Amino acid sequence: MAQIMDGRGLSEGIREKVKEDIAKLQQYGIAVGLGLLQIGENPASRQYFFATKKACSKVGISTYQFKLPETASVNEILNVVHSINRDERVNGLLVLFPLPGRINARRIVNEIAPEKDIDGLGSLSVGRLAADESTFQIFKEGHYEMLYECRFMPTVSSFLPCTPFGVIRLLEHYGTGIKGKHAVVVGKSLAVGKPLSLMLLAKEATVTVCHRETHDMGNFTRQADIICTATGVRGLIRGDMVREGAVVVDIGINVLDDGSIVGDVDFESVEKRASFITPVPGGVGPVTIAMLLENTVRSAQRNEFFKSPLMPG
Ligand SMILES: NC(=O)c1ccc[n+]([C@@H]2O[C@H](COP(=O)([O-])OP(=O)(O)OC[C@H]3O[C@@H](n4cnc5c(N)ncnc54)[C@H](OP(=O)(O)O)[C@@H]3O)[C@@H](O)[C@H]2O)c1
């Protein structure tokens, strides 16, 4: 029977550390703020807004809501993004998805200043991840450790997308090992599958990426030491597709008619074969939020480091 990878427990630890970091910044009169940009009245983005606001207030991050009507033009949205880029209260900006269908989301996220792009979605952040210019954030060994011990983090690099960053943190927390393992990522979206495959590659896994056009997916997943699935297709990964002892990370979220939530993995059959498995809910989800909080406080720390490198004590 697989060991459960408890995202709530890990998330608690990360939040405590974020709280401490915020308290340190407050000693210097620095407040930490997250901007939430919502366009229209989509129920999913409203729900995410309230959940994020609550998580922020628990650790001492102020939230600023920027709300535009469903009918807002791209130009109006970009003006708001530009003003948030200059807003000193806001250290990170999160655009709440989905945007109205006629809006090109890439056009919006690409205007977020990279130092405030705390979900790493803009092209510059994606490029820096692909070029290994921001992946130091997923390394703790060796000389990278110094960066984690610093009160202020001395780097201009971009942030890593919260969900895949959270997956790496979960794997590391449970000591599953990544280097030299065969990782199969199911899903290739820009928000989850693609950056996750780049992060696993940076950590020297051998990475296979599957998607909708992959033929006989079980042929790939059965060879995997680590399976990470992010599709939103209920029951896509079944026990017969998993090698005995594999690590299974379920990122998918599917809301059932009765309001309950399940992932992509058929938990019952897979947990009998896996060595580690994430539950849904309570696995990747809470860690994603924790990474959002951590990225926001890192942004505030970097901001201060560059503006006042010779701070006292
Ligand atoms: N837990 C969290 O914190 C968290 C955060 C973000 C997202 N999620 C969840 O993760 C899931 C994926 O999110 P996303 O933003 O990446 O979604 P997305 O943009 O819709 O991407 C879904 C990916 O899954 C692939 N796919 C769809 N059906 C498939 C199938 N039958 N076989 C193989 N691959 C298939 C798609 O392949 P193609 O590219 O070929 O179409 C695509 O790459 C969703 O359920 C979402 O709610 C969870």
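Entry 1: I looked up Phe49 and found it buried, with a relative accessible area of 5%. Buried means under 20% relative accessible area, exposed over 50%, and partly exposed in between (1.4 Å probe, protein chains only). Phe50 is partly exposed, at 46% relative accessibility.

**Entry 2: the model.** I noted that this is a predicted model: local features need pLDDT of at least 70, side-chain atom pairs count only at pLDDT 80 or more, and totals for chains, interfaces and linings use all residues. Residues are numbered from 1 along each chain as its sequence is written, and side-chain values use heavy atoms, with hydrogens and water left out.

**Entry 3: aromatic pairs.** I searched the whole structure and got 2 aromatic pairs. Phe49 and Phe50 form an edge-to-face pair, 5.1 Å centre to centre with 75 degrees between the planes. Rings of Phe, Tyr and Trp (its six-membered ring) pair if their centres lie within 6.5 Å; planes under 30 degrees apart count as stacked, over 60 as edge-to-face and the rest as tilted.

**Entry 4: charges over rings.** Which ring lies under the charged end of Arg89? I found the ring of Tyr64, its centre 4.2 Å away. The charged end of Lys203 sits over the ring of Phe139, 4.3 Å from its centre. For this, NZ of Lys or CZ of Arg must be within 6 Å of the ring centre and within 35 degrees of the ring normal.

**Entry 5: the ligand.** I read off 17 residues around the ligand (a heavy atom within 4 Å). Lys188, Ser189, Arg212, Ile253 and Thr288 come nearest.
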